[in-house]
Amino acid sequence: MHMPDVTPAMELKVETADALTCNVQPLLHEIRHALARLLDEGGHTVIDLRSLPLAPGEEQQLLDELGNGEVYARLHALGPTEIIESRYPGVWIVVHYNSSDEVIGKFIEVCDIPNLLRSQQADIQQGLEQLQAQLPAAIN
Amino acid sequence: MSKDETLGEALRRQGITRRGFLKFCAATASMMALPPSMVPAIAAALEKAMRPSVIWLSFQECTGCTESLTRSHSPTVEGLIFDTISLDYHHTLQAASGSAAEAAREAAMEENYGKYILVVDGSIPTANPGYSTIAGISNKSMLLDTAKGAAAIVAVGTCAAYGGIPKAKPNPTGAVAVSDLIKDKPIINVSGCPPIPVVITGVLAHFLTFGTIPELDALGRPKAYYGQSIHDRCYRRPFYDKGLFANTFDDEGAKKGWCLYKLGCKGPTTYNACATTKWNEGTSFPIEAGHPCLGCSEPDFWDGGGFYKALSMPTEDITRAAVYAVGAGAAAGVALGAMNRAKKARAVKTHEKVTINDLEKGADDD
């Protein structure tokens, strides 16, 4: 069947509003305070990006400001999760997806390492049991 | 899933690791509009939460509320929460029908008396019981009967919460809200046409996590989602503050994404979570797509005047005012109508922009 020539939706230019919520700078300051707290007291801060009003383009502006650092990790637990250390060590961008690659949560974590990256006690215990079950009885 | 299984056990049985569970809890906290610092407490509570029995009654409704919840792509967090409850009766979704379905409802009520959650979508007709029945039982008697043993009632959608479209003037079926008939049970109104899926499941998750109903506003809605107006959380709010408005759907203001207040946006009087939670897997919400908020989560939104009339304009009395003016022998209303018709005709001729205001006033006078 001949398909008519149409402009794919992805190529349409979406205009960004020219006066924005101006929430990017306050967020960067909040991250700066959280980093200082991490150094002084070891406090772990999590900012839920979905709870804040941001204009189209502003979230990207924030992520561009934070940039990418040395670590990029992709987990597969209940759908993929991307954990990226920003160019400011200790500031992590955590994006949870479902199995259809749709974003279900987007957070900025200010910490040494996001909890999700650590092996979890319950999983270690389960892993140990599996390994023991797999090895010949004599070695146990 | 066994009824004696905790949520943590059920998720592990489904092969979900502790990491997956933590991710689930982080997304659930976000969904419940709780601060991320509460994730460990939520994880501890959800780990031990028992599977609640849920009876879902659908009355005068369009099934949009159920669609809103079940059409989200799986597996989502909403889907997992939905899978975790024991949905013992939902006549749209269950395989059984007729007396077998009613037997399932009665069995669930008896087994979980005093503990089950009753979810209702749709308004209840009171003018004539025959307007809406299920298995020969009128909506009103089914509601009164099922509500007796419920721990709490969740009125899902504006129809169940406030009467909604069935209650719109002239309300031929005498439709009323759940709270008009039930006075002795906690009722959580999850309004919206339809409500945002995560708000529906957020309420269930709150019940699962804390075993209590969330804090409610004066209209019986959870404050976590309905605590702030669309206007206050709208990314276009700075334009309102600067006096920058779209006057038509294709003018410079519309193209630049300015405030839609003058196009009838009901954001300032509407309380809901659309501006931050958003729709379609968090893609956008009506204002972001360029359309004013209709105010669908407010009582009587359907009778609240024209969707495209700005809030400061007279909303429902324009026609009546014109009739009174003519009745009193005054020519003002007629002259206004003629003026608007002339402006409309001139606009067509010169391809001039016509505002919504011109169209509505003209239509009222035609």
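Trainee: Which residue in β7(B) stands opposite B:Tyr116?

Mentor: This is a predicted model, in which local features need pLDDT of at least 70, side-chain atom pairs count only at pLDDT 80 or more, and totals for chains, interfaces and linings use all residues. Residues are numbered from 1 along each chain as its sequence is written, while chains are lettered from A and ligands numbered from 1 in the order in which they are written. Helices (H or I, at least four residues) and strands (E, at least two) are DSSP runs numbered from the N terminus, and two strands pair if DSSP finds at least two bridges between them. In β7(B), the residue opposite B:Tyr116 is B:Ala150.

Trainee: How many bridges join β3 to β7 in chain B?

Mentor: β3 covers residues 116-121 and β7 covers residues 150-156 of chain B, and the two run parallel. One of the bridge pairs is B:Asp121 with B:Val156. The number of bridges joining β3 to β7 of chain B is six.

Trainee: What is the order of the strands in the open sheet of chain B?

Mentor: The edge strands, each pairing on one side only, are β2 (86-90) and β9 (187-190) of chain B. β9(B) pairs with β7(B) in the parallel sense over four bridges, with B:Val190 opposite B:Val156. The pairing in this open sheet of five strands is parallel, and the order in chain B is β2-β1-β3-β7-β9.

Trainee: What angle does the direction of helix α7 of chain B make with that of β1(B)?

Mentor: Axes are lines fitted to C-alpha atoms, for helices over the stretch in contact, and angles run from 0 to 180 degrees between N-to-C directions; contact means C-beta atoms, placed from the backbone, within 7 Å. Helix α6 (98-111) of chain B packs on the sheet and touches β1 (53-58), β2 and β3, making about 135° with β2(B). Helix α7 (139-147) packs on the sheet too, touching β1, β3 and β7 of chain B. Its direction and that of β1(B) make an angle of about 165°.

Trainee: How many residues of α10(B) are buried?

Mentor: A residue is buried if 20 or more other C-beta atoms, placed from the backbone, lie within 10 Å of its own. α10(B) is mostly covered, and its count of buried residues is 13.

Trainee: Which residue takes a positive phi in the hairpin of β4(A) and β5(A)?

Mentor: β4 (91-97) of chain A pairs with β5(A) in the antiparallel sense over seven bridges, and A:Tyr97 stands opposite A:Val103. On β1(A), which four antiparallel bridges join to β5(A), A:Thr45 stands opposite A:Val110. The hairpin has five residues between the strands, and the one with a positive phi, near 60°, is A:Asp101.

Trainee: Which element gives the largest share of the side of chain A that touches chain B?

Mentor: On this side, 34 residues of chain A are in contact with 32 residues of chain B. β1 (45-48), β5 (103-110) and α3 (121-134) of chain A each supply at least two residues. The largest share, four residues, comes from β5(A).

How values were computed. Contact = placed C-beta atoms within 7 Å. Buried ≥ 20, exposed ≤ 12 C-beta atoms within 10 Å, placed from the backbone.
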